[in-house]
Amino acid sequence: MLTICMKTEQKKLKHSHLWMVFAGIPLLPAVLGGGNYLNNLEMLKSGWYSLWTQHSLFYAGFFYGPLIAIYCSYIWRVEHLNYNWNSLMTMPTSEWDIFLAKLLMALRCTVALQLWVGVLFILSGKIVGLPGLPPGEILFWLLRGSLGGMVTAALQLVMSMMVRSFAAPVAVALLGSVAGFLLSGKGVGMFWPYALMTEGMNANKSTDVLSSPVGFGVAVCGFLVLFTVVGVGYLKYKDVHA
Amino acid sequence: MLGEWKTEWMKVRHRKIALIPAAFLLFTFLWLSWAAGSVHMESAEDGWLWLLMCLGLVNTILVPTMAAMLASRLCDVELKGNTLKLLCTMERKGRLFDMKLLTGASYLSVYVAAELVMMVAFGRMHHFAGEITLRLLVCFLLQSGLVSLGVLLLQMMLSLFSANQILPLAVGLAGSFLGLFSWFMQSPFWRPVVWAYYNLLGYIGQDWDVESRIVSYYEVPMDRQALIIFLIALPVGYVLGRRLFIRRTPGCG
């Protein structure tokens, strides 16, 4: 049933032009990060690692979260329109399948987004004249960031489900991401779901700041389970206001 | 006109739209409080200049997304209910556009005024020396108020023309990004980018001493050319947007 639900979700996203947003916005940190790198060559001496600091600085801290939030808001937008909540809740499908299908779609999006950012990072590195390919460690940080993105996706799904507004959860994601960026700087990022993207991506750092991968893993799993349970619980016990 | 103005406010009743600027304002206050604890200034007189500079930067990041949200919330009443066509049989299209913009601008004006009050309160709380001069206040209003109005106008047009609010929000987000980068990369290419005017209309400079890690702030003249361009572009954008809305109102054929 979960597979069928996922296929249905995929159909709902048809003609949404979401891909244009996800393809377009990561171009900005790639172009501007590369430009900033070239402007500060006298200070940035660590090659690919230096480019990473410029590329990831604002992307991870400010914009990755809102991008995921746009996706999550869109996934729920269909249900908030035209009494679709009534249709959704009377389908012969469990609440777990409904929520998990949307969650898995969002998770796929976070990983795809990171892969695209990785491609752009390599391209911008080549354009600014860096030799060879980026170290595997950076690509690992990139994918680790998507684990943090998964937590954000789960939280945003819960919020977009509860709030009928399309825009409000996106604003919450922006504010949460900025707060996460600041909290990461203070070393308490593990306790704030929006900071896990920054922590995972090792944003604006050229050496790995995650001294405890176990702590990061526990935080990711803990938040992911928590938000999923809250989301499914809300679907099960809250009356529909179509 | 008064009736149409009242109608707009009745449409936003119980929609809790004021919560959007309130949340952004609270967040700005918290951000500044956090930043105040970690900054090393050369002298106490620098406090106000630091605060104004920080506020300009914070507005560059937050206001474009806030304006996108505000515009989206104000316009989705008609878009969700698909009532634009019906509405345009009773209300002049141009007037509807004006009223929507005016409602958004009202929220924005209250937001900028609240920022001013917050700034003064913040300065008093942290015992900044001296007072804010009239020049600084005018510059702040030009930088934060005028540029935010331009951003709101753009977002309003995008929201009115998009049944799907992804595009306006994505543009708002991209605008935050571009505006933020304009602070770090000085270039004449930023002139056509509306969000970069938070930086182009900057009026405070800074020197950072690498050794002592102390920052000193000083007043610089505002870029008059950028100001003139913006003052011309804003009414031109309004007239073009209004005309476009009258000619091609979504749902009105």
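Let's start where the chains meet. In this predicted model, 25 residues of chain A are in contact with 23 residues of chain B. In contact means that the C-beta atoms of two residues, placed from the backbone, lie within 7 Å. On chain A's side, helix H2 (18-24), H3, H4 and helix H8 (168-186) each supply at least two residues. Helices here are DSSP runs of H or I with at least four residues, numbered from the N terminus. H8(A) gives the most to that side, with seven residues. By class, the side of chain A that touches chain B has 20 nonpolar, five polar and no charged residues. Nonpolar covers Ala, Val, Leu, Ile, Met, Phe, Trp, Tyr, Cys and Pro; charged covers Asp, Glu, Lys and Arg; the others, Gly among them, are polar.

A word on conventions. Residues are numbered from 1 along each chain as its sequence is written, and chains are lettered from A and ligands numbered from 1 in the order in which they are written. Local features need pLDDT of at least 70 and side-chain atom pairs count only at pLDDT 80 or more, while totals for chains, interfaces and linings use all residues.

Now, inside chain A. At what angle do H3(A) and H4(A) pack? About 135°, with their axes 8 Å apart. Axes are lines fitted to C-alpha atoms over the stretch in contact, and angles run from 0 to 180 degrees between N-to-C directions. H3(A) and H4(A) are therefore oblique. Under 35 degrees is roughly parallel, over 145 roughly antiparallel, 65 to 115 roughly perpendicular, and the rest oblique. From H3(A), the contact residues include Pro29(A) and Tyr37(A). From H4(A), they include Leu51(A) and Phe58(A). The contact has six nonpolar, five polar and no charged residues.

Next, H7(A), residues 136-162. Its 27 residues reach 40 Å from first C-alpha to last, close to the 39 Å expected. The expected span is 1.5 Å times one less than the number of residues. 21 of the 27 residues are buried, so H7(A) is largely enclosed by the rest of the structure. Buried means 20 or more other C-beta atoms within 10 Å of a residue's own, again placed from the backbone.

Last, chain B. H3(B), residues 46-81, and H7(B), residues 166-184, have axes that come within 8 Å and cross at roughly 165°. H3(B) and H7(B) are therefore roughly antiparallel. Among the residues that meet are Leu57(B) and Ile61(B) in H3(B), and Leu169(B) and Trp183(B) in H7(B). That contact divides into 12 nonpolar, seven polar and no charged residues.

Technical notes: A residue is buried if 20 or more other C-beta atoms lie within 10 Å of its own, exposed if 12 or fewer, and partly exposed in between; C-beta atoms are placed from the backbone.
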